[in-house]
Amino acid sequence: MKRFLPTSLIARIALLVAAALFVAQAINFGLLLHERQKTRFAMVIVPTTTRLADAAERLLALQRETPLQPGAAKRRFLSDPRTHVRLHADNPFASAEQFRRGDVERDLRRGLADAGLRAGGIMAALRPVDPRRLLDPKMDPIRAERLRRMGAEMLVAVEVPGKGWLTLSTPWPRTDHDLIWQLIAQTLILYVVVLVPVLLVGGRIARPLRTLTEAARTFRPGDDAAPIRERGPSDVRALIAAYNALSRRVTTMLDEKDRMLGAIGHDLRTPLQALRVRIESVEDDDDRTRMADTIDEMSRTLDDILSLARLGRPSEPNTDVDLGALVDAVVEDFRDLDHDVKFEEPARLKMRLRPTLMRRAVRNLIENAVKYGGGAEVRLIPEPQRVTIEVCDRGPGIPAEKLEAVFNPFTRLEESRNRDTGGIGLGLALARAIVNDAGGSIALANRAGGGLTATITLPR
């Protein structure tokens, strides 16, 4: 059921209001139906009971007046124009057995008992009106119209013990269609009157929330984006104000961090350059070479640390570049150093990214493959929705349980990738940070037959 429920706040509020209105209208329908039944009892059953009780009393009175001529009493009873009650020897409504209503019969028996009439059998049936009866010229036009409008008639037969059956028919509302349509119209009006303002007000509330959501999703420190305009209800305005203050604090903190990193980089590079000058006075060539390599490693390490720390606010903008040419330029740098790196440049592949950073990520992967596998196979695979860069080697690989851990900064595998082969565990961490910043992903997998495959996936 959860997947069919709306996800937005305004839609859920509207659904809750609609459900509450529906429940309220259902309760209202039950109450109105109960009142309709009570009204029907008062307007139809009570007069019917009264007429039957009066007719029974009159019949008994006539028979007392002419005890020796029961037929004359019956004729006088039937000729009275003031009543529609008829007297029969047997129940004439026995054929309407399928239309009997026990609840009406109980009410009639209770009403007759209250009137002091001891009735025998009682039958009450609600029979639909036959349209052909309405065309009978002998029927009173007023009664025919009432029967047509009501749609049904109530047939009542009450047995007076030893005297016969008193019968009566009266119009009866067949259904509650009018009540149902009335409630449907009321519900629609309520929905329009209540839900439309709820949706309008909800939309006004949701607009600043959507703006805030989009601003938070696209937030980039240092973009100098204008603060979000505070609008909407007071709590929404307070939320927007808190976000604006938070973004300013984050930008200020990152500015301070950049200044600190710049100072650290300057303070560390200066003594390194001084050391490089001082080692020129070392007479032993091997010692001088080892010192120079150490200084170069320290410089690269410092560059990696600073790049990783500043990646959240890269100074390089996104530009349109040919990704194939970019990867090919990195491969050519390694070939110039006599490394075995294979790559077939594909057709022009236009991408929008930060070229210097992406070049560095690809270089780190190829450098690892060269160090630990002796060479690299680079493939660029374009697809409709994404582009994949694969860097494969035939080195010792990485244990499966550590394929994810090597992306953590300063993580090294002592068995095969240690300080003797260079690096302090920042290359893969920096590559992942660069690829993630471009909206892509990077993963490692061991190759069949030995070796490792590093895969960069970028959205097109």
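Which strands does helix α9 lie across, and at about what angle does α9 run to β6? Helix α9 lies across β6, β8, β9 and β11 (452-459) and runs at about 160° to β6.

This is a predicted model, in which local features need pLDDT of at least 70 and side-chain atom pairs count only at pLDDT 80 or more, while totals for chains, interfaces and linings use all residues. Residues are numbered from 1 along each chain as its sequence is written, and side-chain values use heavy atoms, with hydrogens and water left out.

**Figure 1. Overview of the protein.** The secondary structure comes to eleven helices and eleven strands. Helices (H or I, at least four residues) and strands (E, at least two) are DSSP runs, numbered from the N terminus. Of the 460 residues in the protein, 35% are buried; buried means under 20% relative accessible area, exposed over 50%, and partly exposed in between (1.4 Å probe, protein chains only). Among the contacts with a separation of 6 or more, 65% come from residues 24 or more positions apart. Contact means heavy atoms within 4.5 Å.

**Figure 2. Isoleucine 45 in helix α1.** Helix α1 (residues 9-65) contains isoleucine 45. This residue counts as buried because its relative accessibility is 3%. Isoleucine 45 and valine 104 are 59 residues apart in sequence, and their C-alpha atoms are 7.7 Å apart in space.

**Figure 3. Strands β2 and β3.** Five of the seven residues of strand β2 (residues 122-128) are buried, so β2 is largely enclosed by the rest of the structure. Seven bridges pair β2 with strand β3 (residues 151-160) in the antiparallel sense; two strands pair if DSSP finds at least two bridges between them. Leucine 126 has methionine 154 in β3 as its bridge partner.

**Figure 4. The open sheet of five strands.** The strand order is β6-β8-β9-β11-β10, and the pairing is mixed. The edge strands, β6 (340-343) and β10 (441-446), each pair on one side only. From one strand to the next, the twist averages 15°. Helix α11 (residues 427-437) lies across β10 and β11 and runs at about 135° to β10. Axes are lines fitted to C-alpha atoms, for helices over the stretch in contact, and angles run from 0 to 180 degrees between N-to-C directions.

**Figure 5. Pairing of β8 with β6 and β9.** Four bridges pair β6 and β8 in the parallel sense, and aspartate 340 has glycine 375 in β8 as its bridge partner. Strand β8 (residues 375-382) and strand β9 (residues 386-393) run antiparallel and are joined by six bridges. These two strands form a hairpin with three residues between them. Leucine 380 is bridged to isoleucine 389 in β9, and isoleucine 381 stands opposite threonine 388 in β9.

**Figure 6. Packing of helices α9 and α10.** Helix α9 (residues 323-336) packs against helix α10 (residues 355-373) at an angle of about 45°, with the axes 10 Å apart. That angle makes α9 oblique to α10; angles under 35 degrees count as roughly parallel, over 145 as roughly antiparallel, 65 to 115 as roughly perpendicular and the rest as oblique. The crossing of α9 past α10 is right-handed, a term used if the near helix is turned clockwise from the far one by less than a right angle, with left-handed for anticlockwise. Residues making the contact include Leu326, Val330 and Phe334 of α9 and Met358, Val362 and Ile366 of α10. The contact residues divide into eleven nonpolar, no polar and four charged. Ala, Val, Leu, Ile, Met, Phe, Trp, Tyr, Cys and Pro count as nonpolar, Asp, Glu, Lys and Arg as charged, and the others, Gly among them, as polar.
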